[in-house]
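These are my notebook entries on a single protein model. I set down what I looked up, entry by entry, together with the cut-offs behind each term.

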Amino acid sequence: MTVNTPENQDFSEGIAARLPETWAATPLTVVMPTYNEADSLPGMAEALMALPLPGLRLLVVDDSSPDGTGAIAERFAERYGSARMSVLHRTEKDGLGRAYAAGMTRAVAEGAEYVLQMDADGSHPTAKAAELLGVALATDAGVVVGSRYVEGGTLADAWGVHRRLLSRWANAYAGTILGTRVRDITGGFNLWRADTLRAIDLASVDSAGYSFQVEMKYRALRRGFGVMEVPIHFEDRVAGESKMNLMVQLESIVMPWKLRMSGPGAMGGRGGSGDRGGSGGGTPGARG
């Protein structure tokens, strides 16, 4: 598996710096689930719309937020126009994973060639969107992970020791059980190729909560798609409250075992299993 050497990091950053016009115009939909994110959504929407990516479109998936996030999203969609931004309103709050699956399904159906998962709380760096897209197009990876845990990846200073250890443990736990060497398998800042999402079959994904991130990457690997990791700085949320609860934590503990016991046959097959592709700063990697 390729590690993120300084040379590799320079390569991936170079891709972002000189993204060709045709690449920048690639149909890319950012899927952003929201629940009570009225304070943070406006800044996120404005930052995304300002990126030099004319092919970028923002799809907000709102679970009937009581703080009016859905209405705020609609006002921004009206400002930017339906070609740049739209809102999917869901009537129930049944988990982050379900919201992402609904949004990704809509994005692919509407013609997106790539789909970027992004939280609305400001923790994911909008400025990295171009780099992730460039790496995906340069390497033909099925998914590019904005990674906290390859060389060059960092965490916000606001993260205490307990939170850092818990996050590291969660990645090691899932990775060990599933036998994958993706370093940030729990990370939620991921860019997917549309045909990868079609092969995964979003309607059959079991995870409702944060374990969605693990299940999606594992399914991609089992189908033989390459996974690349690009270092990011993960910021603490700028507003709102975490949606993590006991049920979500329990699902995250159980899901890796469910996936492991499901076996290769249940995961489908595009031709191969295990890690294919690299884990690093944007270069094609060795088979892991």
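Entry 1. I began at Val144, whose bridge partner in β8 is Met228. Strands here are DSSP runs of E of at least two residues and helices are runs of H or I of at least four, both numbered from the N terminus. I noted the basis of the work at once: this is a predicted model, in which local features need pLDDT of at least 70, side-chain atom pairs count only at pLDDT 80 or more, and totals for chains, interfaces and linings use all residues. Residues are numbered from 1 along each chain as its sequence is written, and side-chain values use heavy atoms, with hydrogens and water left out.

With strand β7 (residues 190-193), β5 pairs in the antiparallel sense over three bridges. Pairing requires that DSSP find at least two bridges between two strands. On the β7 side, I found Val145 opposite Asn190.

Next I looked up the cover of β5 (residues 143-147), and five of its five residues are buried. Buried means under 20% relative accessible area, exposed means over 50%, and partly exposed lies in between, with a 1.4 Å probe and protein chains only. In a regular strand the side chains alternate between the two faces of the sheet. In β5, Val143, Val145 and Ser147 point one way, while Val144 and Gly146 point the other way.

**Entry 2. Helix α6.** Why is helix α6 (residues 129-139) largely enclosed by the rest of the structure? Nine of its 11 residues are buried, so the helix is largely enclosed. I listed the buried positions as Ala129, Ala130, Glu131, Leu132, Leu133, Gly134, Val135, Ala136 and Thr139. After α6 comes Asp140, and I recorded its phi as positive, near 60°.

**Entry 3. Thr69.** I located Thr69 in helix α4 (residues 69-80). Thr69 has 0% relative accessibility and therefore counts as buried. Leaving out residues up to four places away in sequence, I found that Thr69 touches Thr34, Asn36, Glu37, Ala38, Leu41 and Asp62; a contact means heavy atoms within 4.5 Å. The C-alpha atoms of Thr69 and Asp39 are 8.3 Å apart, although the two residues are 30 apart in sequence.

The side chain of Thr69 also makes a polar contact of 2.6 Å with that of Asp67. A polar contact is a pair of N or O atoms within 3.5 Å; within protein, one must be able to donate a hydrogen and the other to accept it, and residues adjacent in sequence count only if both atoms are side-chain atoms.

**Entry 4. Ser207.** I found Ser207 in the loop between α8 (194-200) and α9 (212-222). Its relative accessible area is 1%, so Ser207 is buried. Its side chain makes a polar contact of 3.1 Å with the side chain of Ser211.

**Entry 5. Aromatic rings.** How many aromatic pairs does a search of the whole structure find? I recorded three. Rings of Phe, Tyr and Trp (its six-membered ring) pair if their centres lie within 6.5 Å; planes under 30 degrees apart count as stacked, over 60 as edge-to-face and the rest as tilted.

One of these pairs is Tyr100 with Phe212, stacked at 6.0 Å centre to centre with 10° between the planes. Tyr100 lies in helix α5 (residues 96-109) and Phe212 in helix α9, so the pair ties together parts that are 112 residues apart in sequence. Tyr100 is buried at 0% relative accessibility, and Phe212 is likewise buried at 0%.

Trp169 and Tyr173 form a stacked pair as well, with 4.8 Å between centres and 25° between planes. Both lie in helix α7 (residues 161-178), four residues apart, about one turn of the helix. Trp169 is partly exposed at 47%, whereas Tyr173 is buried at 18%.

**Entry 6. Charges over rings.** I found the charged end of Lys93 over the ring of Tyr35, 4.9 Å from its centre. The charged end of Arg148 sits over the ring of Phe234, 5.3 Å from its centre. The criterion is NZ of Lys or CZ of Arg within 6 Å of the ring centre and within 35 degrees of the ring normal.
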